[in-house]
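Welcome! Have a look at the model below, and then we will walk through a few of its features together.

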Amino acid sequence: MKTCGQINIIGLLSIGFAILLLVSSIMMMVIIPVNAFMPKVHSDINNKSLSFLKPDILSKVNSGDEGADKNGEFRHREYHSTGCDFQGTTENINRLYDQVVSNIDDKDTMAKTFGLLLHPVQDFYAHSNWIELGRNDLVESNSDSKWPVLKPFQEYKGVIILQVCDQSKGEHYDIPDGYTLDPDGKVVYVSTSDGTYPGLISATSSKSNANCPNEDMYITHYVMHKDSQSRKGYDKARVLAEAQTINEWCRLQNLVEQSHGQDGVQLLIDSWVDNKHKANSVCLDDAEANKGEKSKSKKKHGGDPGSGEDGPHRP
């Protein structure tokens, strides 16, 4: 039989262990950022998609990409494609492109900033419900200019962007009149006067830090993310993230040419690229693929280029 003293000691040890677990959990929540595709996966994506870059440049790109998870300055949702902040995310990507292009004479800073903008680009596929909507195309396949800014309740490539106002920024838009939202797990159906569309949402870290239309669409990062191979949808998200990364390399060349001419592009190639043939051919292949995608989509959807949609459809 245990004595009272033994019971008290065992009880105290149990309480102490429970407190230790609680503190450890809180520390993990504070230290580990909400991110889909762990840092090493981001680097693996870059190493595969941008293998034609010089090793030192690729290292800087990876440093910038992984820095979005390691540096507290970049833990806002626009760096991770979260919180249904699609407008803020696309505006941030374009802002970072401006920084990249303006640093044409500083290859190290340029490469790190390029890596930083790749982070939300890659995270989009792991943090949003794009895969769950049955999409197998890139969210932004045109590399001739900067990203289109995805605005709240805009119809884009056959989906409705589900985002409401951020009152902290003084914004005042909400669900438009006549729109009905019907969530079904990770899929949301949006009924309008023009028909029913699937709705695009992304994972939330907290209800207080999200622009999703209502609580029924607050899907936590744990539920939504396609972070590792054990998660459903990871392989599809990874394939699209790799293809989008290649597309961003092609976009970078085009934006440099628009700002600095062919001399700027030549400087970029000379200072960044190890395998010039491959660096050029991926963009040629990407351009041909986009042409084919648009052609097939026009035949199938009557002029809705790039939809790549194979579900879901409202019964």
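This is a predicted model: local features need pLDDT of at least 70, side-chain atom pairs count only at pLDDT 80 or more; totals for chains, interfaces and linings use all residues.

## A residue in a loop

Between which two elements does the loop that holds K151 lie? That loop runs between α5 (107–127) and β1 (155–156).

Residues are numbered from 1 along each chain as its sequence is written, and side-chain values use heavy atoms, with hydrogens and water left out.

Back to K151: its relative accessibility is 47%, so K151 counts as partly exposed. That label covers the range between buried (under 20% relative accessible area) and exposed (over 50%), using a 1.4 Å probe and protein chains only. Leaving aside residues up to four places away in sequence, K151 touches Q87 and I161, where contact means heavy atoms within 4.5 Å. K151 and E91 are 60 residues apart in sequence, with their C-alpha atoms 10.0 Å apart in space.

## Helix α3

Helix α3 has 16 residues (55–70), and at 1.5 Å a residue it should span 22 Å, which agrees with the 22 Å between its end C-alpha atoms. The expected span is 1.5 Å times one less than the number of residues.

The buried residues of α3 include I57, L58 and V61. N62 lies in this helix too, and N62 counts as buried because its relative accessibility is 10%. Not counting residues up to four places away in sequence, N62 touches S43, N46 and N47.

## A residue in helix α7

A243 has its place in helix α7 (residues 234–272). Is A243 buried or partly exposed? With 29% relative accessibility, A243 counts as partly exposed. The C-alpha atoms of A243 and D137 are separated by 9.4 Å, although the two residues are 106 apart along the chain.

## The cavity

How many cavities of 30 Å³ or more does a search of the whole structure find? The search finds one. On a 1 Å grid over the protein atoms alone, a cavity is a set of points where a 1.4 Å probe fits but cannot get out, and lining residues have an atom within 4 Å of a point. Points are joined across faces, edges and corners, and the volume is the space filled by probe spheres set on them. The largest cavity holds about 70 Å³ of space.

Among the residues lining the largest cavity are F86, F124 and W147. The elements giving two or more residues to this lining are α4 (86–102) and α5, and α4 gives the most, with four residues.

Conventions. On a 1 Å grid over the protein atoms alone, a cavity is a set of points where a 1.4 Å probe fits but cannot get out, and a pocket is an open set with protein on both sides within 12 Å along at least five of seven lines; lining residues have an atom within 4 Å of a point.
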